[in-house]
Every structure is written in structure tokens, then in C-alpha cells.
There are 2 protein chains.
Amino acid sequence: MGARLRAAPRRRRSATIRDVARRAGVSPATASRVLSASRHPVSERGRRRVLAAARRLGYIPNLLARSLLTRETAAIGVLVPDVSNPYYAGVLRGIEDAAGPARRTVILCNTDRDPAKLRWYLRALMERRVDGLVVAGGSFGRAESAITGGALPVVMIGRGPARLPCVRVDNVAAGALATRHLLELGHRRIACLAGPAVSTTAADRVAGYRRALREAGVPAAHEVVLEAGFTPAGVPALVARLLAREPAPTALLAPNDLVAIAVVRALHEQGRRVPEDVSVVGFDDIPVASYVVPALTTVAVPAYALGRAAVEALGGLLAGRPAGTVVLPTELRVRESTSVLDERRGLA
Amino acid sequence: MGARLRAAPRRRRSATIRDVARRAGVSPATASRVLSASRHPVSERGRRRVLAAARRLGYIPNLLARSLLTRETAAIGVLVPDVSNPYYAGVLRGIEDAAGPARRTVILCNTDRDPAKLRWYLRALMERRVDGLVVAGGSFGRAESAITGGALPVVMIGRGPARLPCVRVDNVAAGALATRHLLELGHRRIACLAGPAVSTTAADRVAGYRRALREAGVPAAHEVVLEAGFTPAGVPALVARLLAREPAPTALLAPNDLVAIAVVRALHEQGRRVPEDVSVVGFDDIPVASYVVPALTTVAVPAYALGRAAVEALGGLLAGRPAGTVVLPTELRVRESTSVLDERRGLA
DNA sequence: TTGTATGCGTTATCAC
DNA sequence: GTGATAACGCATACAA
């Protein structure tokens with residue numbers, strides 16, 4: 001039994017459980033039982049000696065070796081379109097805060113909603129044998145679900161392939177909520193900036209918008225839906241197009257707060273005031289939404305809570321408990337970017 | 001050699017390299033050489049058979065096993081105070097974008113600037129045998145540095161313990177830059193909201209502020225430094241205190257853009273306009289900074305580039321190349337929240 | 001160019 | 001309550 005393999009380890013080899021055992025005068029098995037919090041009985045004397053030796057040697061267990069044997073890594077993969085988006089940053093924070101106490105670590109992947117990138121990361125996570133996945137923000141469809149082959153517990157945040165456990169809000173209701181708020185303020189010409197076409201979240205919000213208009217008996221001709229995106233890019237041009245319409249809308253829905261803030265600015269640059277001339281509603285209620293001037297009226301989506309709930313559902317799955325769909329509530333937060341329609345003003 | 005251990009694996013055992021080898025009619029060694037991109041020669045025929053078998057079996061290598069042997073995990077730990085902060089979200093994005101191409105994955109840890117949490121995560125990362133660490137945002141001092149015991153390559157983002165490679169900006173210069181901008185606009189009574197006391201970033205910016213004032217010959221009595229924080233909490237009260245001063249400042253520095261936006265709002269609520277009555281400068285140039293009204297004048301800190309540079313430095317370290325200190329430039333972005341001092345207005 | 005054997009660090013199993 | 005031993009899945013030194 002010669003030790004042949006020794007590929008010139010640059011870093012000093014850290015103490016192993018055998019080192020600890022030797023120093024404590026016990027077998028590796030006993031040392032393991034103490035250090036891995038096993039429920040196998042160990043004498044008090046032995047326990048103390050092992051603990052002392054471990055401390056003295058600065059022993060740090062190697063989770064790779066442990067995981068190889070136990071088939072559990074206590075790591076979860078998190079797939080998110082983009083952490084730079086404050087909404088996803090909030091989700092991520094919730095995920096991490098829920099993972100920590102369970103002693104699970106989070107491997108972060110930004111997909112940019114790019115299926116190729118997503119698949120690449122998926123494979124990387126499977127190679128690392130993560131215990132499970134939390135997937136937020138679309139483009140995780142049936143094909144991707146097939147990659148994990150059901151071998152990996154997955155919890156979606158937002159809508160995903162049927163059958164996959166999921167934590168989400170009702171975006172149709174959210175879209176309707178925002179629209180009804182504007183209708184109640186007297187607006188009839190309400191435009192809707194939709195998010196990216198691939199996003200079910202965006203599609204649902206538009207659906208809610210349409211439904212609310214129909215239910216209020218607003219003529220279909222008043223429906224105006226323009227595809228935007230979830231980022232401020234291109235917003236000034238879109239707003240210009242809206243202002244050029246005849247008659248022009250007196251209110252509008254932005255796909256999220258980030259875009260809403262950009263819309264307010266674009267309107268400002270075109271000489272329109274919010275909310276006096278145009279009312280604007282966003283979605284998400286990201287932290288800055290309440291600090292900008294005018295403070296944004298928005299439909300709050302509990303990003304942080306969604307993250308937490310997803311990890312909790314995943315934890316349940318890993319513990320053998322089935323998980324279904326969790327729907328968290330959204331809430332309209334009326335602030336300063338919307339007001340009663342003043343017939344004398346408006347964009348026209 | 002009986003196979004005894006079979007702890008009722010709930011998940012179907014995935015194919016191993018032995019399975020692939022058997023199916024391909026070669027030895028595990030040959031299969032390994034093909035699948036791990038070893039430079040050991042393998043016949044073309046063998047290579048094709050192995051690849052085919054791997055594909056057919058849906059083989060996914062187990063990185064845990066590989067890492068146990070190679071002593072490299074291709075994972076890096078990232079310690080950040082809080083991803084919800086757009087600045088750190090940007091840093092994180094840069095880190096991830098640089099890590100991906102190197103096939104490294106990112107394990108994310110939010111420390112909340114809490115030393116206990118930091119140490120807890122540090123240990124978790126060492127147990128996972130990450131290849132290295134990127135640490136952003138303070139509270140990583142000598143004690144923490146000692147934990148890694150030099151066994152782990154660390155790259156700091158921002159100032160850290162001496163001797164540790166670090167990627168940062170010159171925050172003293174940044175603070176001076178912002179202050180000089182206000183001085184050039186004619187302001188003399190400039191207040192400074194400092195970030196948290198523990199933050200060297202905050203301290204440096206204040207130092208720059210003081211230096212610029214001194215160099216401009218502004219009386220020391222005009223120096224006003226109030227401790228704020230990096231979040232908007234408590235901003236209204238601070239602004240109220242500032243407005244109550246006699247004479248009141250005509251301009252102020254916020255510790256970062258997030259706080260600057262809150263300051264603008266608080267001033268607005270107190271009936272002061274920005275920049276007509278008070279000029280405000282922020283730091284970071286987070287994405288929303290240019291979309292709010294008024295658009296924020298700010299000293300841009302290249303968060304994304306810092307993240308990238310840190311990972312590149314870490315990669316160098318891992319490849320045996322030494323890393324020193326990299327200082328990236330900051331840049332004043334003059335927008336709408338600052339203007340020439342109008343003697344007839346001001347807060348007084 | 002290929003196969004055999006060994007061990008990475010840990011824990012589960014079994015015998016004591 | 002303790003210890004020897006066999007895996008976990010893989011990559012490599014060495015022999016062929």
C-alpha cells in the first residue's frame with residue numbers, strides 16, 4: 001500500500017480525520033463519530049480528546065469526501081436571470097437567508113434568460129451534485145426539466161413546467177389590480193408596456209390588464225400594448241411613440257419598477273408631469289420605488305418571501321415531503337405616481 | 001470486496017465512469033482519459049466509443065470525486081455584505097461573468113457586515129475546499145485573514161488587511177473629486193453624510209472630503225460630517241438635522257447613490273428643491289442613478305469591472321502568478337442634482 | 001496505447 | 001463503546 005499519488009500539492013495538506021484520530025489516540029471511526037455529530041455513542045473521555053485534538057490541529061472536515069459517501073452536498077443551485085435586477089437581488093437574498101440556517105450553501109448562476117447558458121449551468125450544477133435547484137425567471141421549460149431527468153428536486157419561482165413545485169404570485173391578478181386602480185381614478189386610455197415576450201410573468205400581467213379593461217367595459221380600441229423589456233433600454237423611444245398617439249393615453253403600466261422609473265423620467269423629458277399629466281404604475285416594489293420623486297405607485301411582489309418560500313419548499317422536498325404550488329399575495333401600494341384623471345390635462 | 005454500503009439511495013444512482021467504460025469495452029482509465037480531457041494519448045476508436053457510451057448513458061462526471069483527487073474544486077467563495085445593495089449586485093455580476101468562462105462556479109455568502117456570520121461562512125467555504133475567495137466590503141480583517149491561514153488565496157475588493165491582493169478604487173480621491181466639483185460650483189457650506197463607521201470606504205471618502213475642503217481654504221468650521229449608513233434608513237431625520245443648522249449647508253455628499261436618492265426625496269419633502277436649493281452628489285453610479293429625476297450627479301465606481309478584475313486576479317493567483325493591488329479609476333458624472341450656488345437661495 | 005492498482009478523506013458496516 | 005475495513009467516483013503512476 002504505497003502512497004504513490006502525490007501530485008505536488010502546492011497548498012499544505014490540511015489535517016485529516018486520521019491525523020485527529022492519531023493525536024487523540026483513537027481510531028478514525030471514533031473521531032468521525034464525534035466530529036460528524038453522529039448519534040453513535042462515544043465515551044465522554046474519547047469525545048473530549050477528539051475535540052481537543054481537532055481544535056489543536058485546526059481540523060476542517062472535507063465536505064467533498066463526506067458528500068461522496070453520503071450523496072448529499074448541502075448545496076443548492078440557484079438560477080436567476082440577472083442579479084443586477086433589484087427584484088432578483090431581493091429573491092436571492094431571501095434564498096440565502098433561508099439556506100443559511102439549514103447549513104446549505106448557494107451556488108449562484110446568472111442565465112440572462114439565455115437557454116444555452118442555462119443548460120450549461122444546469123450541467124455544471126449536476127456535476128457538482130447539488131441537492132436541488134431553485135429556478136427563478138423563465139426559460140426553464142420542459143426541455144430543461146428533462147435535463148435534470150427528475151433526478152434533481154427543483155422548485156420554480158414563478159411559473160414553470162407543469163408538475164414542478166412552484167412558488168409564485170398571481171401575475172394576472174397583479175396586472176388587473178394595477179389596471180383597476182387606474183380605472184378607479186377615472187382613466188380610460190391606459191397603455192401597457194409589456195415585458196419580454198418570453199416571460200410568462202410579463203404575459204400574465206398583460207392578460208390581467210386586458211381582463212380588467214374588459215370587465216370595466218372599456219372599448220377594445222383603447223387597449224394599447226407595447227413590448228418593452230424588464231430593463232430601461234429603449235424606454236424613451238417607447239414613451240415617444242405613446243405620446244404621439246391620438247388620443248394619447250393618460251396612464252400607463254410599466255412591466256416593472258425599474259422601467260417605471262425610466263418611464264417617469266422619459267415623460268419628464270418630454271415635458272409631461274407625473275402624476276398630473278400621466279399616471280404611472282410599476283410592479284415589484286423594489287427598494288428605491290418609495291424613495292424616488294414621485295414615489296412610485298406599484299404592485300408589490302414579495303421577492304424576499306418568494307426566495308425564502310422556495311428554499312423552504314426545496315427543503316421539504318429533500319426531507320421527503322411533497323411540495324405543490326405556493327401562491328403569495330401581491331399588494332397595491334398607492335403612492336405618488338398616480339392620481340385622479342384631470343380631464344383638462346392629459347396628453348392630448 | 002463485497003459491496004456493503006448501500007444506504008438506500010433515494011435517487012437513482014447515476015452512471016459512473018466504470019459504467020461508461022464497461023459499455024465502451026475499455027478500462028476505466030481509458031474512459032477517464034477521454035472524459036477528463038487528459039493529455040494522455042487515446043486511440044481515436046477508443047475515444048469515439050467512450051464518448052458514445054457516455055452520451056448514451058447520460059453520464060455526468062462527479063466533480064466531488066474528481067476534486068477529492070485533484071485538490072481543486074473550481075469553485076470560488078464570494079463574501080459580500082448584501083446583494084440587495086445595487087452596488088454589490090453589480091460587483092457580483094462582474095464576478096460571475098468572469099468566473100463562468102474559467103468554468104468556475106460561485107458560492108455566494110451575504111455577511112451583512114457581521115463578523116460572526118462572516119466567520120461562519122468562511123468555515124463553510126473552507127470545508128467545501130473552494131479554490132479561493134473574493135471578499136468585498138469590509139469586516140474582513142486580520143483575524144479573519146488568520147482563519148484562512150494563508151491556505152486559501154484571497155482577493156479583496158476594497159481595502160483589506162495589508163499584504164492581501166486587492167482590487168479597489170481610490171476612495172479618498174473619489175471623495176475629493178465630488179467635493180471639488182461642489183466647490184467649483186461655488187459651494188462653501190458642504191455637508192458630508194458618512195457611511196457606516198466600520199467601512200474603510202466610507203472613511204476614505206470622508207477623508208477626501210476633508211482634504212478637498214482644506215486645500216480650497218474653506219474654514220474648518222464649515223466641515224460637517226454626520227454618520228449615516230449605506231442604506232436610506234434614518235435619512236429624513238439626518239436631513240432635518242442638517243436643515244436646522246444655522247447657516248445651513250448648500251450642498252451635500254451622500255455616502256452612496258442609494259442614500260443620495262433618499263436624500264433628494266427627504267429634501268423634497270421638506271420643501272427644498274434639488275439642485276436649485278441644495279446640490280447633492282452620490283457615489284457608485286448605480287443603474288437607477290441616471291433614471292431618477294433629477295438624475296444624480298455621482299462619482300462612478302466601476303462595480304462590475306471590480307468584480308471581473310478580482311476574479312482575474314484570483315485566477316492568476318491560482319495559476320501561480322502573484323497579484324498585487326489594482327486600482328481602478330473613478331469618474332465624476334455630472335448630471336442634474338448639482339448646480340451653481342445661487343447666493344439668493346440656499347437653505348438659510 | 002491500454003489496463004491494473006491505489007488512494008483522495010470520509011462514513012457505514014460489521015465484528016469485537 | 002471501539003476499531004478494522006470497505007466503499008463513494010475518480011485520476012493517475014506504473015506495468016504491460
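The second largest cavity in this predicted model has a volume of about 260 Å³. The model holds twelve cavities of 30 Å³ or more. Chains A and B are copies related as by a two-fold rotation axis, because a 180° rotation superposes chain B on chain A.

**The second largest cavity**

- This cavity is lined by 24 residues. B:Tyr87, B:Tyr88, B:Gly137, B:Thr201 and B:Arg205 lie nearest its centre.
- Helix 5, strand 5 (166-169) and helix 9 (200-215) of chain B each give at least two residues to the lining.
- Two domains of chain B take part: domain 2 (74-169 + 303-330) and domain 3 (171-301 + 332-345). Each supplies at least three lining residues.
- By class, the lining has ten nonpolar, nine polar and five charged residues.

**The largest cavity**

- The largest cavity has 23 lining residues. Nearest its centre are A:Tyr87, A:Tyr88, A:Asn171, A:Thr201 and A:Arg205.
- Helix 5, strand 5 (166-169) and helix 9 (200-215) of chain A each supply at least two lining residues. Helix 9 of chain A gives the most, with four.
- The lining of the largest cavity has eight nonpolar, nine polar and six charged residues.
- Where does the largest cavity lie? Domain 2 and domain 3 of chain A both give residues to its lining, so it lies between them.

**The second largest pocket**

- The second largest pocket has a volume of about 700 Å³.
- Its lining counts 36 residues. A:Ser84, A:Asn85, A:Pro86, A:Tyr87 and A:Tyr88 lie nearest the centre.
- Both chains contribute elements to this pocket: helix 5 (86-99) and helix 12 (303-318) of chain A, and helix 5 (86-99) of chain B. Each of these elements gives two or more residues.
- Helix 5 of chain A provides the largest share of the lining, six residues.
- The lining of the second largest pocket divides into 24 nonpolar, five polar and seven charged residues.

- The superposition of chain B on chain A has 0.0 Å of shift along the axis and an RMSD of 0.0 Å.
- Of the residues of chain B, B:Ile107 comes closest to the rotation axis. Its C-alpha lies at 2.3 Å.
- The copies meet through the same surface, because 97% of the interface residues of chain B are also interface residues in chain A.
- Chain A has three parts: domain 1 (17-58), domain 2 (74-169 + 303-330) and domain 3 (171-301 + 332-345).
- The centres of domain 1 and domain 2 of chain A, taken over C-alpha atoms, are 37 Å apart.

**Two buried residues**

- B:Leu125 sits in helix 6 (residues 115-127) of chain B. Is this residue buried or exposed? B:Leu125 has 0% relative accessibility, so it counts as buried.
- Leaving aside neighbours within four places in sequence, B:Leu125 is in contact with B:Gly77, B:Leu79, B:Ile107, B:Cys109, B:Val130 and B:Leu133.
- B:Cys109 and B:Leu125 are 16 residues apart in sequence. Their C-alpha atoms are 9.3 Å apart in space.
- A:His181 belongs to helix 8 (residues 171-184) of chain A. A:His181 is buried, because its relative accessible area of 8% is under 20%.
- Beyond neighbours within four places in sequence, A:His181 is in contact with A:Val281, A:Thr297, A:Leu332, A:Val334 and A:Thr338.

**Backbone exceptions**

- Most residues other than glycine have a negative phi, and most peptide bonds are trans. The next points list exceptions.
- A cis peptide bond runs from A:Glu246 to A:Pro247, with omega near -5°. A:Pro247 lies in the loop between helix 10 (235-244) and strand 8 (251-253) of chain A.
- A:Val293 and A:Pro294 are also joined by a cis peptide bond, with omega about -5°. A:Pro294 is in the loop between strand 9 (279-284) and strand 10 (297-300) of chain A.
- A:Arg71 is not a glycine, yet has a positive phi of about 65°. This arginine is in the loop between helix 4 (63-70) and strand 1 (75-80) of chain A. A:Arg71 is partly exposed, with a relative accessible area of 44%.
- A:Arg163 has a positive phi of about 80° and is not a glycine either. A:Arg163 lies in the loop between strand 4 (154-157) and strand 5 of chain A. Its relative accessibility is 84%, so A:Arg163 counts as exposed.

How values were computed: Residues are numbered from 1 along each chain as its sequence is written. Chains are lettered from A and ligands numbered from 1 in the order in which they are written. This is a predicted model: local features need pLDDT of at least 70, side-chain atom pairs count only at pLDDT 80 or more; totals for chains, interfaces and linings use all residues. Side-chain values use heavy atoms; hydrogens and water are left out. Copies are superposed by least squares on the C-alpha atoms of residues with pLDDT of at least 70 in both. Contact means heavy atoms within 4.5 Å. On a 1 Å grid over the protein atoms alone, a cavity is a set of points where a 1.4 Å probe fits but cannot get out, and a pocket is an open set with protein on both sides within 12 Å along at least five of seven lines; lining residues have an atom within 4 Å of a point. Grid points are joined across faces, edges and corners, and a volume is the space filled by probe spheres set on the points. Ala, Val, Leu, Ile, Met, Phe, Trp, Tyr, Cys and Pro count as nonpolar, Asp, Glu, Lys and Arg as charged, and the others, Gly among them, as polar. Domain bounds come from an automatic or database domain assignment. Buried means under 20% relative accessible area, exposed over 50%, partly exposed in between (1.4 Å probe, protein chains only).
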